[in-house]
Amino acid sequence: MGDVNELLEEAIKETENLNEGEVFLVKDLFKGYVWNRIPRKDRLLLGTLFLNYVNKMEGNIKAIEKTSSNQQRYQKV
């Protein structure tokens, strides 16, 4: 598996395929088997980096509420 920065770039690139108004989790940006192969510590770090990216960039992705399992949800606007 690539390093976390490569995974972050891949996740950011994948957001281009989302429709406006779509709500998603970071794990939704990866195929299930790819996500499951990422070590847990790297998934946690990836989530933090993605949230920081969304908060810093004036883009079309915004952080919304968290799920009951404490996963950050995002929406493409």
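## Pocket lining

A lining residue is one with an atom within 4 Å of a point of the pocket. In this predicted model, helix α3 supplies six residues to the lining of the largest pocket, the largest share. Strand β3 (72-76) is the other element that gives two or more residues to this lining.

The lining of the largest pocket holds 15 residues in total. Lying nearest the centre of the pocket are Trp 35, Arg 43, Leu 44, Gly 47 and Gln 71. By class, the lining divides into six nonpolar, five polar and four charged residues. The volume of the largest pocket is about 390 Å³.

## Packing of α1 against α3

Helix α3 spans residues 40-56, and helix α1 spans residues 4-14. Their axes come within 10 Å of each other and cross at roughly 50°. The pair is therefore classed as oblique. The crossing of α1 past α3 is right-handed.

On the α1 side, the contact is made by Val 4, Asn 5, Leu 7, Leu 8, Ala 11 and Ile 12. These meet Asp 42, Leu 45, Leu 46, Leu 49, Phe 50 and Tyr 53 of α3. The contact of α1 with α3 comprises 10 nonpolar residues, one polar residue and one charged residue.

Technical notes. Residues numbered from 1 in each chain as written. Predicted model: local features only at pLDDT ≥ 70, side-chain atom pairs only at ≥ 80, totals over all residues. Heavy atoms only, no water. Axes fitted to C-alpha atoms, helices over the stretch in contact; angles between N-to-C directions. Helix = DSSP H or I, 4+ residues; strand = E, 2+ residues; numbered from the N terminus. Parallel < 35°, antiparallel > 145°, perpendicular 65-115°, else oblique. Left-handed = near helix turned anticlockwise from the far one by under 90°. Contact = heavy atoms within 4.5 Å. Nonpolar A, V, L, I, M, F, W, Y, C, P; charged D, E, K, R; others polar. 1 Å grid on protein atoms, 1.4 Å probe; cavity = no way out; pocket = protein on both sides within 12 Å on 5 of 7 lines; lining within 4 Å. Points joined across faces, edges and corners; volume = space filled by probe spheres on them.
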